[in-house]
Each structure stands twice: as structure tokens, then as C-alpha cells.
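Here are my notes on the model you sent over. Have the structure open while you go through them.

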Amino acid sequence: MLKSYLHYPELNRVPVIDVPITGTNMSECVDFITHNIDNLHGEYICVSNAHTSVMAHDDPSYWSCQAESVMSVPDGKPLSVVGRKTVTSMRRVTGPDLMREIFSISAQHGWSHYFYGNEQKNLEALKESLQEEYPGLEIAGMEPSVFRPLSDGEKRDLSRRIADSGADFAWIALGAPRQEVLMHELKGGPQPLMIGVGGAFNVLAGVVPEAPILMQNLSLEWLYRLMQEPKRLFKRYLVTNTKFLIYQITGAKRKEGK
């Protein structure tokens with residue numbers, strides 16, 4: 001499926017703790033999507049960070065979810081910093097900023113969007129925010145998560161609902177690893193390009209504050225999020241950040257599947 005895209009340099013993969021991350025930046029990513037959107041039905045993009053990379057390093061099945069996407073872009077700055085040693089133009093492509101970039105040009109391209117995940121109240125806040133920020137943005141549908149694994153039949157029904165909406169993009173916000181696993185399972189289906197954006201719905205809805213640019217530039221976005229939700233994120237960041245540093249310093253190879 002990727003053969004028709006291989007001449008695009010922004011699809012080159014860079015090993016970051018032995019996980020293949022796309023060596024791209026925002027302008028290249030948006031340009032690729034813009035010129036190929038009609039051919040990207042059934043494909044998906046992972047928005048990757050240190051946490052997802054550590055999970056992929058440790059779990060062969062989740063590694064496949066990251067590796068078999070059309071792109072796994074560097075949301076986390078550590079990924080772009082490591083990758084820049086190989087691809088000098090590599091820069092962060094964050095979930096919220098990618099959404100903003102796509103929304104800002106959607107009207108001129110006639111693109112519409114489907115949103116899956118999160119809670120109904122947050123989707124309503126997101127819709128209100130998007131209609132105010134991007135007048136004329138076409139929202140083909142919004143559907144909250146059921147917060148449990150979907151059956152195979154439910155996955156097929158979801159894929160068909162998104163496809164029948166006529167959307168050009170399906171934004172998936174279930175958090176990692178659920179959103180990447182779902183997109184991987186739906187790969188090749190009738191739905192449009194899927195992009196897993198985690199907590200970006202809440203950021204664009206104004207439900208969760210975004211880290212200041214200075215903290216983002218200093219790779220301290222994790223610290224800002226930790227200050228917002230210390231109980232939920234302390235253990236995750238302690239383990240994830242430590243593992244990422246160890247894997248990067250030692251060059252530890254990922255676990256292989258059987």
C-alpha cells in the first residue's frame with residue numbers, strides 16, 4: 001500500500017529507541033497529506049511521543065501499530081531531537097498543531113471531519129470551539145468513546161459510519177495505546193485517513209490548558225502535564241522517561257515477536 005508514496009522523503013523512517021518514527025516536520029507532513037488525501041482512505045497516522053515509543057519498544061504487537069502506519073510523526077520533542085541526527089529537517093508535529101494546520105486549510109479544500117473518542121460533553125465543547133475558531137469548518141460527525149474494547153462487529157460498524165459520513169479525515173482520540181491499536185485493526189477499511197491525537201480534543205476545546213511555548217521548546221511539556229494531573233501521570237512519566245533515557249543511552253534493542 002505504501003509503494004505509491006515511497007518517493008516522498010518525509011516518509012523516511014528514523015529509528016528512535018528502535019521504533020521507526022517518520023523523519024518529517026509540520027510543513028512536510030501537511031504537504032504530504034494535502035497532495036495524497038484522496039489516496040489515503042483506510043490508512044492512519046500515529047502521533048508518537050516518548051511514552052508510545054517505550055510501549056512499542058517493549059511490546060511487539062504495539063510496535064507493529066507504529067511501524068505499519070503511513071506516518072508515525074514525532075509529537076514528543078525527544079523523538080525529533082534524536083531523529084534530527086539522521087534527518088536534519090525533522091521537527092515536532094504535535095497533535096493539536098496538526099489539527100490546527102489541517103483545519104485552517106479545510107474550507108479551501110472542501111474537507112470534512114469526523115471525531116471519535118472522548119466524552120460527549122467535551123465533544124460539544126470542541127464543536128463550539130472549532131465553529132468559533134474555524135468558520136465554515138465542516139464537521140461530518142462526532143461520536144464519544146464507549147470506554148471499553150469494541151467487538152469486531154462494532155469496529156466494522158464504526159468504520160462504516162465514518163465512511164458513510166463522507167468525511168475526509170477521522171480524528172481518533174482514545175489515548176495510547178487504544179487509538180493506535182484500533183486504527184491498526186481498521187487499516188484498509190472504507191473509512192478516510194485516521195489520525196490518532198490523544199488528548200488534543202481537550203486542548204482545542206479549552207478543557208485542558210496547553211503547555212506554554214517555552215516549556216514545549218525546552219522539552220518540558222511532560223512536566224507541565226504532570227503539574228496538571230500529578231496523581232494520574234506521576235508513575236507513568238517516572239517509568240516512561242527513565243526507560244526512554246536508558247534505551248537511548250544503551251541502544252537497547254526492542255523485544256521481538258515470535
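The points below go from the sheet to the helices and then to a few backbone details.

1. A reminder before anything else: this is a predicted model, so please read every value below as computed from that prediction.

2. Start with the sheet. It is open and has six strands, paired in parallel, in the order S4-S3-S8-S7-S5-S6. The edge positions belong to S4 (71-74) and S6, each of which has a single partner strand, so one side of each is left without a neighbour in the sheet. On average, neighbouring strands here are turned by 20° against each other, direction ignored.

3. S7 covers 169-173, and S8 covers residues 193-196. The two run parallel and are joined by four bridges. On the residue level, Phe-169 has Leu-193 in S8 as its bridge partner.

4. Next, find helix H7, residues 152-164.

5. Now the helix pairs. Two packed helices are described by the angle between their axes and the distance between the axes. For H3 (residues 60-67) and H8 (residues 178-186), the angle is about 70° and the axes are 9 Å apart. Angles of 65 to 115 degrees count as roughly perpendicular, and H3 and H8 are therefore roughly perpendicular to each other. Their crossing is left-handed.

6. Which residues make that contact between H3 and H8? From H3 come Tyr-62, Ser-64, Cys-65 and Gln-66, and from H8 come Glu-180, Val-181 and His-184. Sorted by class, the contact of H3 with H8 has three nonpolar, three polar and one charged residues.

7. H3 also packs against H2 (residues 50-58): their axes come within 5 Å and cross at roughly 125°.

8. Five of the contact residues are nonpolar, two are polar and one is charged.

9. Check the peptide bond between Ala-176 and Pro-177, please. It is cis, with omega about 5°. Pro-177 sits in the loop between S7 and H8.

10. Asn-118 has phi near 70° and lies in the loop between S5 (112-117) and H6 (120-133). Phe-147 has a phi of about 55° and lies in the loop between S6 (138-143) and H7.

11. Are these two buried or exposed? Asn-118 has 11% relative accessibility, and because buried means under 20%, Asn-118 counts as buried. Phe-147 has 53% relative accessibility, and because exposed means over 50%, Phe-147 counts as exposed.

How values were computed:
Residues numbered from 1 in each chain as written. Predicted model: local features only at pLDDT ≥ 70, side-chain atom pairs only at ≥ 80, totals over all residues. Heavy atoms only, no water. Axes fitted to C-alpha atoms, helices over the stretch in contact; angles between N-to-C directions. Parallel < 35°, antiparallel > 145°, perpendicular 65-115°, else oblique. Left-handed = near helix turned anticlockwise from the far one by under 90°. Contact = heavy atoms within 4.5 Å. Nonpolar A, V, L, I, M, F, W, Y, C, P; charged D, E, K, R; others polar. Buried < 20%, exposed > 50% of the residue type's maximum accessible area, 1.4 Å probe, protein only. Pairing = 2+ DSSP bridges.
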